[in-house]
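Reader: I'd like to learn how to read a model like this, one feature at a time. Could you take me through it?

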Amino acid sequence: GVRSGHGVILAGPVNTGKTFLKSGIVGALVGGCSDASAYLSQQDGFNSELFDYALWFVDDGSMATNSALHRLFSEGVKRTVANRNHRVNEKFRKAVESPWQGRIFIGLNSDAISIGGVPNLDGNILDKLMLFKAALRHFKFLSAPEMDAMLERELPHFARWLLDWTPPAYVLDGADHRF
């Protein structure tokens, strides 16, 4: 069955492919993605549309605009990554508890303001997150139709490679099997 998994934070300069990785590759491999910024920062209680997707994303550093919002966002990320059951609240319907073990992907630019959107890393959240820094390599992306065609052509082959890939032992050794 599906197990809990780490939240991913990817920070880096503009034009390094953060959004492309999130939407074009990971999102496409898991059936799409949805912006969970308002829900994770407890700014929107109606969240049912999020549960149609296995990948929730946050794409900017707006969570760093004030300390109260940042605290709520940090708590929301921790709660969502750590828990298997979540309250699903659809407008004009009774809220219900429902299982969801999707993933969170936070993409941030690496400037001082945007990087402030990283959730608070104190307490016991750090073991629930993987933090990555994008390389300082700017890409010249193709046009949107060309990118779509490339993904349609190449993504199924990448997915097959991932399914056939056996992770090396050092990736799995000592791993916390909760995530």
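Reader: What should I know about the model itself?

Author: This is a predicted model, where local features need pLDDT of at least 70 and side-chain atom pairs count only at pLDDT 80 or more, while totals for chains, interfaces and linings use all residues. Residues are numbered from 1 along each chain as its sequence is written, and side-chain values use heavy atoms, with hydrogens and water left out.

Reader: Back to Phe141, then. Where is the place of Phe141?

Author: Helices (H or I, at least four residues) and strands (E, at least two) are DSSP runs, numbered from the N terminus. Phe141 sits in the loop between S7 and H5.

Reader: Which residues is Phe141 in contact with, leaving aside its neighbours within four places in sequence?

Author: Contact means heavy atoms within 4.5 Å. With those neighbours set aside, Phe141 touches Asn15, Gly17, Phe20 and Met147.

Reader: Is Thr16 buried or exposed?

Author: Thr16 counts as buried, because its relative accessibility is 10%. You'll find Thr16 in the loop between S1 and H1. Beyond its neighbours within four places in sequence, Thr16 is in contact with Ala134, Ala135, Arg137 and Phe139. As for Ala144, 128 residues away along the chain, its C-alpha lies 16 Å from that of Thr16.

Reader: Now the helices. How do I check the span of H1?

Author: The expected span of a helix is 1.5 Å times one less than its number of residues. H1 has twelve residues, and its first and last C-alpha atoms are 15 Å apart, close to the 16 Å expected. Just after H1, Gly31 has a positive phi of about 90°.

Reader: Which residues of H1 are buried, and what covers them?

Author: Lys18, Lys22, Gly24, Ile25 and Gly27 are the buried ones. Their cover includes S1, strand S2 (33–35), S3, S6 and H5.

Reader: How does helix H3 (residues 67–82) do on the span check?

Author: Its 16 residues should span 22 Å at 1.5 Å a residue, and the end C-alpha atoms are 22 Å apart, so the two agree. Buried residues in H3 include Leu69, His70, Phe73 and Val77. Among the elements covering the buried residues of H3 are strand S1 (7–12), helix H2 (37–40) and strand S7 (129–133).

Reader: And H5, where does it bend?

Author: A bend at a residue is the angle between axes fitted to the seven residues ending there and the seven starting there. H5 bends by about 40° at Glu154, with a proline, Pro156, following within four residues. Even so, H5 reaches 30 Å over its 21 residues, close to the 30 Å expected. Met147, Leu151 and Leu155 are buried in H5, and helix H1 (18–29) is part of what covers the buried residues there.

Reader: How many salt bridges does the structure hold?

Author: A salt bridge is a side-chain nitrogen of Lys or Arg within 4 Å of a carboxyl oxygen of Asp or Glu. The structure has five. One of them joins Arg160 to Asp164 at 3.0 Å, N to O. Being four residues apart in helix H5, these two are separated by about one helical turn. Arg160 is partly exposed because its relative accessibility is 46%, whereas Asp164, at 53%, counts as exposed.

Reader: What about the bridge between Asp127 and Lys128?

Author: Their closest N and O atoms are 3.1 Å apart. Asp127 is partly exposed at 37% relative accessibility, while Lys128 is buried at 3%.

Reader: Last one: which residues form the nonpolar patch on the surface?

Author: Patches are made of residues with over 30% relative accessible area and no salt bridge; like charges are joined within 9 Å, and nonpolar side chains (Val, Leu, Ile, Met, Phe, Trp, Tyr) within 5 Å. Here Leu29, Val30, Phe158, Trp161, Leu162 and Trp165 form the patch, with about 540 Å² of accessible area together. Helix H5 (residues 144–164) gives the largest share, three residues. Phe158 is in helix H5, and it counts as partly exposed because its relative accessibility is 36%.

Terms used
Accessible areas come from the Shrake-Rupley method with a 1.4 Å probe; for residues, only the protein chains shown count as cover. Buried means under 20% relative accessible area, exposed over 50%, partly exposed in between (1.4 Å probe, protein chains only).
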